[in-house]
There are 2 protein chains.
Amino acid sequence: MDIAILGGTGDIGEGLALRVAYHTSHDVLIGSRDAQKAETKAAEYETELDSRGTEVTIEAGANEDVATLADVVVVAVPPYYVDDTIEYVADDLDEGDIVVSPATGMDRDDDGFHYAPPPAGSVTEHAASAVPEGVHLVGAFHNLAAGRLANLDADLGVDTFVVGEDDDAKGIVTDIAEGIEGLRALDAGGLANAAEVESLTPLLVNVAMHNDGLHDLGLELK
Amino acid sequence: MDIAILGGTGDIGEGLALRVAYHTSHDVLIGSRDAQKAETKAAEYETELDSRGTEVTIEAGANEDVATLADVVVVAVPPYYVDDTIEYVADDLDEGDIVVSPATGMDRDDDGFHYAPPPAGSVTEHAASAVPEGVHLVGAFHNLAAGRLANLDADLGVDTFVVGEDDDAKGIVTDIAEGIEGLRALDAGGLANAAEVESLTPLLVNVAMHNDGLHDLGLELK
């Protein structure tokens, strides 16, 4: 399966790109608003993977150019760019394609980080309102620490939550996620349940801030 | 330390009472609006603990009668009764006492459970506004599955999050929580961070609803 990661040059994009390319047989494509930057980072990822004995080609280009080639498009951009990014590539998506939204909205004050969803209720639901008809929006990968994800020496052993309205699309994203070693994908229900998933991210950051020795946190349900 | 559990006849109250009495040396007192009901349940808890070789006396009585005897008062009542319960026992609390709030607000619709905080931002902050001056409000035990807590054969191996403004009070509650075998207490910061802690509870319920074989879920940060 061809998986494009828009914003694939950013922290979470890098982590997802490396993990998918390293642990699964899917083809990864790196997108960015700046095609040259995407190509540079894709070459870095190839070098990193090659040093571990994984020889893969990672295509790269402008967001719209990789989106048009992919079956699954991960929108790994900051929350306030999610809808614009989806709308920008909307014409490049085919019916049946899947758009994956991992973003969550946070504010920071003196106490720490707080969940700050858009009026739609969650960033995931906001993203869902931006996909064209016939394209499925699935929320996943919201609570993964980017640094830990990008460090292929780090064990994961954590869960990610999958939300969406189309069971087939959720199943495909679940399979991709579970192809990553140490990542378990749990069904958290429909898009309306995304807020409770997204609000975990500020909690993980707050706990890392307040407890010595804990950082780059994930979680396992048990 | 004397720990009163108001609403100690309910599900989460039962679990906390049994675990604290079983795993720690603290004295547990069971409170209820109905003193007779409190006494009946306390006797049941004593029998359960005695069957496991733990002989303890669990005092019981009306909420106000056990609150006045305790150093730490856990308000294990439904979220919409939290402030009334605290105000009802306010005159029985001494300066320096600690009130612990484990409640979280949830709504249910066709998609599942959703976090539904009061206008204060969280049930924990709402509870904090009800405690008298000089009494410290600490949020803890929000995300524990009552059935698993009450089953002393069940391993926990999960985390609970502690929020509050007074570090000494948080430290005391942390020590009580960590006295329970298999429970790790993590500092999640000030009261303003309570919403992200509370909203985990509906997520755990949603995941249990949507994934075969998962129930009575807790979580471990890692």
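In chain A, 72% of the contacts (heavy atoms within 4.5 Å) between residues at least 6 apart in sequence join residues at least 24 apart. This is a predicted model, in which local features need pLDDT of at least 70, side-chain atom pairs count only at pLDDT 80 or more, and totals for chains, interfaces and linings use all residues. Residues are numbered from 1 along each chain as its sequence is written, and side-chain values use heavy atoms, with hydrogens and water left out.

| Property of chain A | Value |
|---|---|
| C-alpha span along the principal axes | about 40 × 40 × 30 Å |

Nine helices (H or I, at least four residues) and 11 strands (E, at least two), taken as DSSP runs, make up the secondary structure counted in chain A. The radius of gyration over C-alpha atoms is 16 Å, close to the 17 Å from the globule rule (2.2 Å times the number of residues to the power 0.38), so chain A is as compact as a globular protein of its 222 residues.

Eight strands of chain A form an open sheet of mixed pairing, in the order E3-E2-E1-E4-E5-E8-E9-E10; pairing requires at least two DSSP bridges between two strands. Strand E3 (59-62) and strand E10 (183-189) of chain A are the edge strands. Within chain A, strand E5 (residues 98-101) runs parallel to strand E8 (residues 136-139), joined by four bridges. Ser101(A) has Gly139(A) as its bridge partner in E8(A).

Definitions and conventions. Chains lettered and ligands numbered in written order.
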